[in-house]
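Welcome, and thank you for taking a look at this model.

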Amino acid sequence: MRQDEVGLTFVGHATFLIETPQGVRIATDYSDGSRPSITPDVATMNKAHATHFSYHPDPAIKHVLKGWNPAGGPVIHDLTVQDVRIRNVSTNIRNSQGATEYDGNSIFVFETAQLCIAHLGHLHHTLSPEHLKRLGRIDVLLVPVDGGYTLETFDMMEVLRAINAPLIVPMHYFGPSTLNRFLASARAYFPVEFSDTAAITLSRATLPRSPKILVLPGH
């Protein structure tokens, strides 16, 4: 991989493998059911369901970043590992009783090779101007599109338009019908393309000129 290129592979559910030019490997929403075949250097996790975190992450992982604070209140991550900076923006979630659990989710942002990649995690609400300010410019947005467990589709469209990332990659869907329902709404705002492979190469030079959705194979 060249110095300006980043690898992105859709592992499944909400898990992606991000590979930086210097070879740092990051697994998002690392869980017992969804993890890459190789051991990452960094694993990020969100607490919404067991499909988004692991009670027993591989002990060989150097950095395990929880998107919530077990002691309560927000968690703040700002970590640099070789050529990648990893930071988070806290958001709230609904618990199983439907009540708001403050700061239970994190949007993780990965900055490497002049790219900012954001993983929305288990987002349950639209974003305030303060959230958007903290996120900053986002080039690649990994977005949950189930339309129910996370944010319903109409509100998710508001989030996508507010962030305005050039490349939007869907995740967290449970089959073609869920994905197609999201894409039917999204096509009113964005062109949609389908990748032949779950692994793609990203670079600043090859970002789309205007926002588009790229669907990677998997679910």
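We begin with His13, which sits in the loop joining strand S1 (5-12) to strand S2 (15-19); helices (H or I, at least four residues) and strands (E, at least two) are DSSP runs, numbered from the N terminus. This is a predicted model, in which local features need pLDDT of at least 70 and side-chain atom pairs count only at pLDDT 80 or more, while totals for chains, interfaces and linings use all residues. Residues are numbered from 1 along each chain as its sequence is written, and side-chain values use heavy atoms, with hydrogens and water left out.

His13 is buried, because its relative accessible area is 15% (buried means under 20%, exposed over 50%, and partly exposed in between, with a 1.4 Å probe and protein chains only). Setting aside neighbours within four places in sequence, His13 contacts Ser34, Thr51, His52, Met171, His172, Phe174 and His219, where contact means heavy atoms within 4.5 Å. The backbone of His13 also deserves a glance: its phi is near 60 degrees, a positive value in a residue other than glycine. Most residues other than glycine have a negative phi.

Asn164 has a phi near 60 degrees as well, again a positive value in a residue other than glycine. Asn164 is placed in the loop between H2 and strand S11 (167-171). Is Asn164 buried or partly exposed? With a relative accessible area of 46%, Asn164 is partly exposed.

Now to the nonpolar cores. A nonpolar core here is a set of buried Ala, Val, Leu, Ile, Met, Phe, Trp, Tyr and Cys residues joined through side-chain atoms within 4.5 Å. The largest one has 58 residues, of which Leu120, Ile138, Leu160, Ile163, Leu202 and Ile213 touch the most other members. Helix H2 (residues 153-163) gives this core its largest share, five residues. A second, separate core has seven residues, among them Ala43, Met45, Phe53 and Trp68.

Ile163 lies in helix H2 and is buried, with a relative accessible area of 10%. Beyond four places in sequence, Ile163 is in contact with Leu120, Leu127, Leu132, Leu135, Ile138 and Leu141.

Leu135 belongs to helix H1 (residues 129-135). At 1% relative accessibility, Leu135 counts as buried. Not counting residues up to four places away in sequence, Leu135 touches Arg87, Val89, Ile107, Val109, Leu127 and Ile163.

Next comes the helix pair. The axes of H2 and helix H3 (residues 176-186) come within 10 Å and cross at roughly 55 degrees; axes are lines fitted to C-alpha atoms, for helices over the stretch in contact, and angles run from 0 to 180 degrees between N-to-C directions. H2 passes H3 in a right-handed crossing, meaning that the near helix is turned clockwise from the far one by less than a right angle, with anticlockwise being left-handed. Thr153, Met157 and Leu160 of H2 meet Phe182, Ser185 and Ala186 of H3 in this contact. By class, the contact has four nonpolar, two polar and no charged residues; Ala, Val, Leu, Ile, Met, Phe, Trp, Tyr, Cys and Pro count as nonpolar, Asp, Glu, Lys and Arg as charged, and the others, Gly among them, as polar.

Two loop residues remain. Pro59 is found between strand S4 (42-45) and strand S5 (63-66), and counts as exposed at 80% relative accessibility. Ser210 lies in the loop between strand S13 (199-203) and strand S14 (212-215), and at 46% relative accessibility counts as partly exposed.

Finally, here are some C-alpha separations for residues described above.

| Pair | Apart in sequence | C-alpha to C-alpha |
|---|---|---|
| Pro59 and Ala99 | 40 residues | 33 Å |
| Leu135 and Phe110 | 25 residues | 11 Å |
| Ser210 and Leu151 | 59 residues | 24 Å |
| Ile163 and Arg94 | 69 residues | 22 Å |
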